[in-house]
Structure formats: structure tokens, C-alpha cells
Amino acid sequence: MAATFPAAMLVLWHVFTVGRPGSLIPPPHEVWLALQDLTFGGINDDAFSRTLHIHLLASVSRVYGGFALALIVALPLGMLIGRVPLVRQVIDPTLQILRPVPVTAWLPLAMILFGLGPRSAFFLVFLGAFYPILVNTVFGVRSVEPRLFEAASMLGCNGSAQFFRVVLPAALPSIFTGMRLGLGFAWVVIVVGEMTGVQTGLGAIIMEARQLSRTEIVISGMIVIGIVGFLSDQLVMLLGRRLLSWSPSHG
């Protein structure tokens with residue numbers, strides 16, 4: 001059943017594009033050949049041939065690196081904002097003002113601060129993943145039942161120990177939701193991030209292919225991003241199911 005809709009889209013794509021040489025959108029078989037050449041080479045023998053592994057590795061390292069940094073920063077900060085009123089009053093208003101600013105608006109500033117190249121892309125990916133993790137962590141922490149703190153206190157769990165034994169376990173479902181959203185946004189942002197003068201990466205070849213009117217390469221890059229992003233999401237879901245087997249919504 002899951003394959004029905006993609007198959008229908010492929011059929012429509014084929015019907016509306018095949019046999020039209022002047023069409024800006026290539027038919028599916030041309031994209032398939034371009035994807036094969038991008039992966040294995042031997043078809044077009046141009047600058048894109050057999051380079052997918054280089055660009056994929058570069059993008060994966062930036063996405064997972066930026067996501068990991070966002071998790072390291074957003075998780076403790078979100079727990080503090082959600083649990084400590086003073087931190088919430090001091091920091092949260094500023095973050096809420098900055099949160100609606102699109103990542104694309106940060107692009108010129110990122111290039112000024114970090115220069116052209118991978119560091120700007122890394123920063124933009126970090127920014128894209130940061131807010132979904134932060135917001136969901138704050139929500140999860142503030143949604144913890146007060147009775148859990150009372151029960152923990154009665155059992156001798158007080159002070160900072162409640163963060164690890166009460167707050168973190170109770171907020172984990174929301175945290176994993178934020179991780180899924182954050183990792184998804186990281187893959188969305190990578191194309192923008194790799195517009196900052198990097199030579200390798202899926203976003204870089206998409207932008208280069210656009211300039212050369214190689215639409216089949218553009219679509220191939222989009223397909224690869226979609227597949228790898230889907231696999232990344234499945235990985236987070238698998239981890240969530242293992243760690244949250246006790247939760248009815250993640251069983």
C-alpha cells in the first residue's frame with residue numbers, strides 16, 4: 001500500500017514529460033540514468049560522474065555534526081528554561097524573538113561571521129536543528145506532573161537529582177519528538193547551508209547543476225536527500241522505541 005502513491009506519481013511524471021525534448025523537467029528514466037552515473041559513473045563521464053559518495057559523506061558529516069551540537073546545547077538549556085524560573089525569565093524572551101527568524105535570513109550573517117565554506121554550513125544546520133529540540137524539551141519539562149516531584153521527594157530524591165531521575169525520563173517523549181523535527185530541519189537546511197561556497201555536498205551539486213541547467217542532477221540530489229533523511233528519521237524512531245518502550249505512545 002505504501003508504494004501505491006509513489007508509483008502513481010512516477011506514472012504521472014512519465015506521462016507528462018516523456019517525448020517532450022524541450023521540457024525543463026526530464027522524464028523519470030533520465031533522472032534514473034543520472035542517479036546511476038552520479039553513483040557509479042560510466043554513463044556521462046562528466047564532472048558529476050561517480051561523485052555521490054564524496055558529496056553524501058560531506059553532507060552527512062555536516063548534518064549529524066550540526067545536529068549533535070544542537071542537541072548538546074538545546075537539551076540542557078531547554079531543561080533549565082523549563083524547570084528554573086529565573087533562567088526562563090532571562091533567556092527565553094530573547095530566544096523567542098530569534099526563533100521566527102528564517103535560517104535563510106542568517107545566511108549573509110553566517111558568511112560574515114564564519115566566512116565562506118563548511119563552517120557557515122555547519123552553523124546554519126545547527127541553527128535549523130536547535131529550536132525544534134529546544135522548544136520540545138521545554139514543553140516536555142514543563143509538562144511533567146507535579147505529583148512525580150512529590151513522590152520523588154518522599155523517596156529521598158531532591159535537588160539536582162530530580163533532573164536525571166524525574167524530569168529527564170518524563171520529558172523524553174517530547175525530547176525525541178524534538179530530535180525528529182530537528183534532524184528533519186537539518187536535512188532541509190543543508191541545501192541552504194551549502195550555498196556558502198563549499199565545494200562538496202549534496203546542496204553544492206544541486207546548486208551547481210541548477211546553474212548548468214542539469215535538472216536531472218538537481219532531482220537526483222533531491223531524491224538522495226529524501227532517502228537519507230528518511231533513513232535518519234527511522235534511526236531516531238528506532239532509538240526512541242528502544243528507550244521509550246515504557247511509554248504507550250512509543251511502544
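Predicted model: local features only at pLDDT ≥ 70, side-chain atom pairs only at ≥ 80, totals over all residues.

Trainee: Okay, Ser-213: does it count as buried or exposed, and what is its relative accessibility?
Mentor: Ser-213 counts as exposed, because its relative accessibility is 60%. Here buried means under 20% relative accessible area, exposed means over 50%, and partly exposed is in between, with a 1.4 Å probe and protein chains only. Residues are numbered from 1 along each chain as its sequence is written, and side-chain values use heavy atoms, with hydrogens and water left out.

Trainee: Thanks! Where is Ser-213 placed?
Mentor: Ser-213 is in the loop between α9 and α10 (215–243). Its phi is near 60°, a positive value in a residue other than glycine.

Trainee: Let's zoom out. How many helices and strands does the protein have?
Mentor: There are 10 helices and 0 strands. Both are DSSP runs numbered from the N terminus: H or I with at least four residues for helices, E with at least two for strands.

Trainee: And what box do the C-alpha atoms fill?
Mentor: Roughly 75 × 50 × 25 Å, taken along the principal axes. Of the 251 residues, 43% are buried.

Trainee: What share of the contacts joins residues at least 24 apart?
Mentor: Taking contacts between residues at least 6 apart in sequence, 68% of them join residues at least 24 apart. Contact means heavy atoms within 4.5 Å.

Trainee: Back to α9. Is that helix mostly enclosed or open?
Mentor: Helix α9 (residues 202–211) has 7 of its 10 residues buried, so it is largely enclosed by the rest of the structure. Among the buried ones are Leu-202, Ile-205 and Met-207.

Trainee: What about Ser-174, buried or exposed?
Mentor: Ser-174 is buried, at 15% relative accessible area, and belongs to helix α8 (residues 161–193). Beyond its neighbours within four places in sequence, Ser-174 is in contact with Asn-136, Phe-139 and Gly-140.

Trainee: New topic: how many salt bridges does the structure hold?
Mentor: It holds 4 salt bridges. Each is a side-chain nitrogen of Lys or Arg within 4 Å of a carboxyl oxygen of Asp or Glu. One of them joins Arg-62 and Glu-194, with the closest N and O atoms 2.8 Å apart. That pair links distant parts of the chain, 132 residues apart: Arg-62 is in helix α3, and Glu-194 is in the loop between α8 and α9. Both residues, Arg-62 and Glu-194, are buried.

Trainee: Which residue does Arg-180 pair with?
Mentor: Arg-180 forms a salt bridge with Asp-233, and the closest N and O atoms are 2.8 Å apart. This pair also links distant parts of the chain, from Arg-180 in helix α8 to Asp-233 in helix α10, 53 residues apart. Arg-180 counts as partly exposed at 36% relative accessibility, whereas Asp-233 is buried at 17% relative accessible area.

Trainee: And Glu-216, which partner does it have?
Mentor: Its partner is Arg-214, with the closest N and O atoms 2.5 Å apart. Glu-216 and Arg-214 are both buried. Salt bridges with shared partners join Asp-46, Arg-214 and Glu-216 into one network.
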